[in-house]
Structure formats: structure tokens, C-alpha cells
Amino acid sequence: MARTAEMKLLELMVLKNDISSVIEYIGKKENFQFQTKLKDSSSGESANEETLNIDSQFYESLTKAYTELGYEGEFKGIKDCSAPRDEDRKKAADLIAAFTDLKTRIAEATDEAHKVNDAYKEAQAFSNLKVSYSELEHLSFLSLRIGRIPENQYEDLKDRLEGSAVVIKLGNDSSHVLVASSKKGRFALDAELKNHNFVELEVPSDFKGVPESALKGLEEKKAEADKALEELITEKANFAETHKAQLEHLLGCFTIAVQIEAITSRLESTELVYRITGWIPSAETENYMKGLDELTEGRIAIRAYEPFEVPSVMSGKEQVPVKLQHGKFVKSFERMIFSYGSPIYGAIDPTPFVAVFFTILFGIMFGDCGQGLVFLIAGILMALNVIKVGGWNKFAPIFMAIGISSSIMGLLTGEFFGTETVLEPFAEWVTGLFGTPRAPILKLMPSADPKSIYVMFGVFGVAVAIGFVINTCGLLLNIINNISRKRFAEAFLGKNGLAGAVFFWYVIALVLRIVLAKHAVAAYDIIIILVSLFFAAFAEPFERAANHEKPLFENGFGTYIISGAVELIEVISGYLSNTVSFVRVGAFALSHAVLNFTILTLTEMVGGQGTIGGIIVLIAGNALIIVLEGMIVAIQVIRLQYYEFFSKFFHETGREFKPFKFEIE
């Protein structure tokens, strides 16, 4: 059985002049994980501090420019980048200067446009005031206010002052107003204006409105300012388009420089030498060491350690990181493993089991040839990047796998987008090879035919049988993993050890013998079951004895009896629930058939598949099943994997291998 990838610890002694190129090599290879958390940055100054500060400033400026230019989509330039050279710094300085100049000109043009627009708006507002303001102010019976309010409050102000004051718009919009009320109502007027954010304007006493020539001149100036701003915005768009590739490349280079410095400042070092330790897959060690030797022209000391040679590993203070090695199909299931926890280093890799079980269970629970083909086609398009669904494209093999398994189950049940007529010729051809032709090959939909009951029980029986296989695999993984780690007590005792496995297997075998062979329970059956159950539930003192731990009864004999009784109940109920839990596989298979039947019935109710209404119902119903039931089935399959399979052997988690690599933050 495949185990997690073998790892080695590399210790590198690197000269100060080579440290940047070595870390760049490590980051680009993406297969080296630093051994422990790096120490905090020291306050001491680096020999290249001035250059690195400049690189950091370039990085910040380039990042800001990248954001302000509004680029969208994933940044992909870092793979082909290297640490910046003097030529890159010159290019970065020129690009930043050009962008800064463009930004300055846009800011000045924007400010100018705002000023001109405000002046034009003010002038336009007072263009209709043909008498002097002082003459209006001298009216004995009126109180006048001229000023600005938010446009969206004009109507409300007008409604509230209706009957007590007159509100007149000055200009083409509602932002400048003249409000007139009686002298005795001026205090109420001022209060209402304040509530509507009124800003009074100071109008010269001899002001008689804006001359037409001045208004026209302001209008021309406004048009010029708006045009100048528009041209600069177009220039910015052109700048973004023509400089994107260069900006991405430079940003990638300076990202590498900043991250190299972040690592370097936290390494153990003397005045002339840096020490680097980290984990790497054993299969890549030789080429890795050769590459480093060539990079530094022999100016590096390298030593490789096996995990059992590392003191921190042997003392249990450090876990060896776990890397899984798979092809594309099985690899797509890795996140399902790591979302639960990382396996222990050296243990059997459970991912291939998860890939097979997930595919089979999903296909049984979601059996429809047409709907399965939708998953298959979606997976193919995702694999070819024809359609992109966030970070889901890496799961394209899963979509293809469940598409195939669902289609195969659909061929057996005769379901094709809920209809049973399309696949009838295929079913009759297959069944005709073995006797009388019939369709479908396997009828899941309950009916008045007594045989449908047997089919239903058969489906549930197959589901329970699959559950038995999955539980058995989990137990075997636990036993083998513990034996390989020389933890014999855990391998042979306890509910998930050999004792629990013998109890589980023997009870299942006994039930089958009773049902199929009319076997009568014998004394040896009871003895085997009781002995295996005893060592599964009351294993504590035997485990402590095997591990040379004392006392045998850690919390006393009375507590041992009570905890053993509780464990006894848990063993029996646990194995029973672990087995019965898989009945849901058959239940979902039947519910899927019922849902398809319901959609087909609704289609017939609105006129059948030959009408527009029927086609709409058929398409909408199948889309609903594919999306919603697809998610529900996937969740149920994952739940069965986590609770019934993983719970047998996933009693402690390891440390996932996460190699250092350069990334845009």
C-alpha cells in the first residue's frame, strides 16, 4: 500500500554573498519547507540594507500603481521573474515616475474641473436675478435667504414650507434656491433650512445677476476643463494597457526581493555564514543538492538527515511534514483529506480509498445517465479551462469521476434526465443477452409489483455491504499503521484494533450464516464474540502492560469497570450505527428516483415533453436536482467518509507539507 512520501532534513551552510540566490532557488523550486518557525527579525543592520529598503519602496509603489490602474484577474507574472537587478530598478523608477506624473496631472485637472464646474453652477443659479439683492433685502414684508441645499432635499423643503414660505430654484437644478417668507416667520424658516443642510451664500448688495457674456465664458471654460480631464483619463487607460506586462514583471521581481529579505532577516547566522534547515521529499534530495552546489559554485555545505536522525523528531517535539504523491485523479481528493487533518508521517495514504469510495457512493446515490453526463462534461470543460469556477477547476477530475459513476448507475436504472424511455433499447439489449429482454435493468422506483420490494431491499443490502467494506478498510488501515509504528497495543486491542475488528467481522458473518444458511448459534460463536468484545472494551490495563506503564489501573479498578462498561456500550452501538448509517446510500438512491419521477409527472401535467411548458419544467427540474441534490449527496458522501471511515484510523493528525514559495500578497 502507498504511504506518505519519504522526507529528509537538509542543513545548508550558506555564505553571506550567496544567501539571496540560494533563497531564490528554494522559493522557485517550491519543495522545501523550513524546519521550524523562523526567529524574529533582528534589529541589526544588513550589509545590503540600503538596497533592500529601496527594493521595499519599489515594491510598495508598484503594488499601489497596480491597484490604482484597476487591473483585474489573477496575477500570473511571478513564475517567470527573478530577484531584481540594477536594470530592473531603473525600469521600475522610470515607470513609477511616469505614473506619478500622470497621477499628478489627473489630480490637477480634476481639481480644475471641479472649480470651473462649481463656478459655472453658481453663475447659472444667479443668472435670473435681475434686480439688486439690496433692493430685495429692503422689502419690509419679506425675509429672504439665498444659498445651497442638497438636491435630494429640495422637494421635502418645498413641501414643509408650503403655506409659510416660497422656495424658488435658481438655475437648472435644485441645489441653489431663494426662499422668501414673511418677516415674522423668519425664525421658523431658519430652523427648517438648518434641518435641510442649507448653506447661505454671501451675495454682494449691488449684485444684479450674472452677465450673459460671463456665463458663456464660464461655460466654454467648463467644457475645456472637462475635455482635458477626459483626455487624461483616456491616457491613463492607455498607460494601463501598454504597461501591464512590464508592471507585472517588475512587481514579481520586487515581490521576490522583499520575501527573500523577510526570510534572510530571520535565519540563524554569523558574520559570514547563514544556516538553513528544512524538509524536502527524499526523491528530490539528490537533484536539489546538485542544483545548489552548481548555483554557488561549490561554496555551500550541505548535509542530509533521515527523520530518525533528527533529535527533535525522535523526542516527539517535531513532526515530519506529510506530502502525498498522486496522479491527477487521486490528487484532486487531497483537500478532502487535509480538511479533516493530515495523516501521520509514514502511515498508509488514505486518499486512493477516499477517491474510490466517494466516486462509487456518489454514483449510487445520484444515478441518472443524463445528469451524470452534465457532471462529466462540466469536468472536462473545467479541466480544459474552457469554463473557470474560481478555485474549483482543480477538482475537475472529481466532476468527471462522479459524472461517469452517475451515468453508469443511470444506465442500470434506466434514468435519463428523469425519463425512462430513452434508455429502454439499451436495457432490453443487455437483459436480452441473459434471458427475456426487459427495461430498465434495475427498477428502483417503488411500484405495485411485489418484486419491487425485493429490489428495494437489495439496494439497501448493497449499501450496507459497501459500508462493511469501507469500515473494514478503515480498521485494516488502523491496524497496519500501528504495527508499522510498533504500537502493538493499539494495533491489537481496543475497539478500532484487531479485537474490535474481529468482533465486527464475526457478528456480520454470524448474521449472514443465520439468514442464508439457517445456522444455529453455537457456544463457540458466543465465546469468540465475548472474548473479542472484552478486549475491545476492557483493553486499558492490557494496553498499559504492553507499553510498560504502571499502574495498570490508572484511576483504580472501580473506575476501570465503569469506563469499560461504557466502552462496551459504545463498541456495540458504534459498530451498529457505522453499519446502519450506510442505509442512507440506498435511501438517497430511491429518493433520487422519486424526484426524477416527480419532475416527469409535473412535465406531463403541463402538456408533456412536446410542449414549451413541458420542456421548461423538465429543464428547470433537472437543473434543480443537479445543483441542490448534487450538493446534498456530496455532503452525505463526505460525512460517511469522515465519520465511518476516518474515525477508524484518524486518531491523531500529522503536519502537512507546505513548502516555501514566492507569492503575490
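These notebook entries record what I looked up in the structure.

**Basis.** I worked with a predicted model, in which local features need pLDDT of at least 70 and side-chain atom pairs count only at pLDDT 80 or more, while totals for chains, interfaces and linings use all residues. Residues are numbered from 1 along each chain as its sequence is written, and side-chain values use heavy atoms, leaving out hydrogens and water.

**Cysteines.** I searched the whole structure for disulfides and found 0; the criterion is a pair of cysteine sulfur atoms within 2.5 Å. Cys-253 is in no disulfide, and its nearest cysteine sulfur, that of Cys-81, is 4.4 Å away. I noted that a disulfide is a covalent bond between the sulfur atoms of two cysteines. I then looked up burial (buried means under 20% relative accessible area, exposed over 50%, partly exposed in between, with a 1.4 Å probe and protein chains only). Cys-253 is buried at 2%, and Cys-369 is buried at 9%.

**Asn-478.** I located Asn-478 in helix H16, residues 451-484; helices are DSSP runs (H or I, at least four residues), numbered from the N terminus. Asn-478 counts as buried, with 4% relative accessibility. A polar atom of the Asn-478 side chain lies 2.7 Å from the backbone oxygen of Asn-496. Leaving aside residues up to four places away in sequence, Asn-478 touches Glu-490, Asn-496, Gly-497, Lys-648, Phe-649 and His-651; contact means heavy atoms within 4.5 Å.

**Val-515.** I found Val-515 in helix H18. Why does Val-515 count as exposed? Val-515 counts as exposed because its relative accessible area is 51%.

Technical notes: Helices (H or I, at least four residues) and strands (E, at least two) are DSSP runs, numbered from the N terminus. A polar contact is a pair of N or O atoms within 3.5 Å; within protein, one must be able to donate a hydrogen and the other to accept it, and residues adjacent in sequence count only if both atoms are side-chain atoms.
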